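This report covers one protein chain, from the surroundings of a single residue to the chain as a whole. The structure is shown first.

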Amino acid sequence: MQAFPGITVVSERETRGWIALNQTYWAKMSTAPGSARRAELAALERQLATGTDSTGAPLSSEVKRRLPRTIAQRKNEIEELALLEVVTPSLVFDRELTLDLGAGRRVVLEDRGRANS
């Protein structure tokens with residue numbers, strides 16, 4: 001929110017609850033020590049260090065070549081996710097909301113049910 005002070009975040013009422021839940025997920029589960037993401041990263045680092053996959057089979061030269069980049073990308077991903085600020089909507093609606101943007105422009109937001117964005 002620091003990049004966009006004064007912005008209004010809009011969502012359907014039920015979605016706001018899921019967004020709030022994601023605050024816990026990203027902060028506690030996704031990037032925490034022992035999380036699945038960190039375990040996957042540790043497994044990749046073990047493969048690079050040992051030169052073998054999870055079954056003990058030797059890594060191909062192609063995998064050995066790609067692995068350092070993959071590890072760096074995963075580390076970067078975890079660092080970014082750890083800093084993620086999940087913003088809870090400040091304006092919620094039920095069923096439909098029409099926003100007047102001025103100059104004859106308007107946006108209609110509709111709740112179309114589960115699994116629709």
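Leaving aside its neighbours within four places in sequence, which residues is serine 11 in contact with?

## Surroundings of serine 11

The model is predicted. Beyond its neighbours within four places in sequence, serine 11 is in contact with Arg16, Ile19, Pro89, Leu91, Val92 and Phe93. One of these residues, arginine 16, is also reached through its backbone nitrogen, which lies 3.5 Å from the side chain of serine 11.

Serine 11 belongs to strand E1, which spans residues 10–12. Its relative accessible area is 7%, and because the cut-off for buried is under 20%, serine 11 counts as buried.

## Fold and dimensions

The chain has three helices and four strands. Read from the N terminus, the order of elements is β-α-α-α-β-β-β. The globule rule gives 13 Å for 117 residues, whereas the radius of gyration of the chain is 21 Å, so the chain is more spread out than a compact globule.

Taken along the principal axes, the box filled by the C-alpha atoms is roughly 65 × 30 × 30 Å. Among contacts with a separation of 6 or more, 54% join residues 24 or more positions apart.

Of the 117 residues in the chain, 18% are buried; serine 11 is one of the buried residues. The chain has an accessible surface of about 9,000 Å², and carbon and sulfur atoms hold 52% of that surface.

Conventions:
Residues numbered from 1 in each chain as written. Predicted model: local features only at pLDDT ≥ 70, side-chain atom pairs only at ≥ 80, totals over all residues. Heavy atoms only, no water. Helix = DSSP H or I, 4+ residues; strand = E, 2+ residues; numbered from the N terminus. Buried < 20%, exposed > 50% of the residue type's maximum accessible area, 1.4 Å probe, protein only. Polar contact = N/O pair within 3.5 Å; in protein donor to acceptor, adjacent residues only side chain to side chain. Contact = heavy atoms within 4.5 Å. Rg over C-alpha atoms; globule rule 2.2 N^0.38 Å. Areas by Shrake-Rupley, 256 points an atom, 1.4 Å probe, with all protein chains shown as cover.
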